[in-house]
Amino acid sequence: MSEVLQKLRSASEAESGSGTIANALPMPLMLLGRRTEVLYANPAAEQFFDTGLPLLRKQTLSDLIAPHSPLFQLVTQAAERNASAAERNIDLSTPRQGERIVDVTVTPVPEPEGAMLLTFQERSLAQRMDRQLMARGAVRSMHGMAAVLAHEIKNPLAGIRGAAQLLEESLAPEEREMTQLIVAESDRIRGLIDRMESFGDTRGFVRHSVNIHEVLDRVRKVAESAFARGVTIIETFDPSLPPVLGDRDQLIQVFLNLVRNAADALPEKGGEITLTSGYRPGVKFGAGVAGERVSLPLEVTVRDNGSGVPADLLPYIFDPFVTTKVRGSGLGLALVAKIVGDHGGVVECDSQSGRTIFRVLLPQARGGES
Ligand SMILES: Nc1ncnc2c1ncn2[C@@H]1O[C@H](COP(=O)(O)OP(=O)(O)O)[C@@H](O)[C@H]1O
Ligand SMILES: [Mg+2]
């Protein structure tokens, strides 16, 4: 038996499965024979193809992948060159498993002759995770900054304000404008610091089963009575959507922020916001705390037909203080990312002019957790 195959097999058959490379790899990995029959697949690949190893071993690549996939070319290419071949963004979406864009590498192995080692990297998921972690990191560092600011600035600021008020008493009325400006600006800075402090609040929250449609209805009511007056809000809900495990008030905040941004971006006329919900049990993450795959089956999207996010800004919109608005705080989406992250979910954005979608993926509440 091939050395590679033997190593992989022993990895798959080891009692505990712990410590073996192929089993531990979060990335799907498959060894194919010369006729592209499956010789071995690691647990991540079993999950990826939603098929157990015994069944996978009876299949060839064409049983697993759509007929005209560029993946076949990639395998041929690697075989002909007898060298690794890689391609990014191969579409392996199926109706059953949903949308999946992956980076694939194909590497010929010396034995058994003609065998190929395939690795799959779920691309959009990797990207989503990156962005999420970045946003959360930014929020954390901001929390630290807020704490420092609170300590180092609030007290002297109160001193400056008090001194200006004292000074004001000895000034002629027409000279008081300046001291009043000092007082007003001190108050504004204090307000900003207070908001940043509450923003960084990381007190734990109690999670309940929350009906996301009830959350969205509430958001819609608030929006229609305030900043989205006269805007058409369309709801496309999956009525069978199970509840999400989370904090109702915080989730309202998430969708309120998203709907507010959508409303801000709309044209004067013909502006439309669409709220959708859907159940996608196939969406899995290979990035749980212990490397386990987390399921995020609840998908809620907020879509608008407004101006779109400027392309160069798109990677940064979840960072604090990023804004294109004159009176913007740039905190709306940072808070969205923080709350969604605290819920174990993911938020991402796709945008072009006339079509911007924010997609929030959340875990499902299981029975008993309420
Ligand atoms: N639906 C949207 N359409 C277009 N641009 C958006 C949308 N949502 C967010 N943005 C962009 O992202 C930036 C950051 O949003 P946010 O964090 O909520 O801060 P703010 O709304 O205070 O500017 C916005 O200034 C805007 O440029
Ligand atoms: Mg905003």
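Visitor: What makes the pair formed by K325 and an oxygen atom of ligand 1 a polar contact?

Guide: A polar side-chain atom of K325 lies 2.7 Å from an oxygen atom of ligand 1, and because a polar contact is a pair of N or O atoms within 3.5 Å, this pair counts as one. This is a predicted model, in which local features need pLDDT of at least 70 and side-chain atom pairs count only at pLDDT 80 or more, while totals for chains, interfaces and linings use all residues. Residues are numbered from 1 along each chain as its sequence is written, chains are lettered from A and ligands numbered from 1 in the order in which they are written, and side-chain values use heavy atoms, with hydrogens and water left out.

Visitor: How do you know how much of ligand 1 the protein buries?

Guide: Taken alone, ligand 1 exposes 540 Å², and the protein buries 94% of that, the areas coming from the Shrake-Rupley method with a 1.4 Å probe.

Visitor: Which residues surround ligand 1?

Guide: There are 20 of them, and the closest include N261, T323 and K325; a residue is near a molecule if one of its heavy atoms lies within 4 Å of it.

Visitor: Why are β2 and β3 said to stand at the edges of the sheet?

Guide: The open sheet has 5 strands in the order β2-β1-β5-β4-β3, with antiparallel pairing. β2 (38–41) and β3 (85–91) each have a single partner strand, so one side of each is left without a neighbour in the sheet. Strands are DSSP runs (E, at least two residues), and two of them pair if DSSP finds at least two bridges between them; β1 and β5 are joined by 4 bridges, so they pair.

Definitions and conventions. A polar contact is a pair of N or O atoms within 3.5 Å; within protein, one must be able to donate a hydrogen and the other to accept it, and residues adjacent in sequence count only if both atoms are side-chain atoms.
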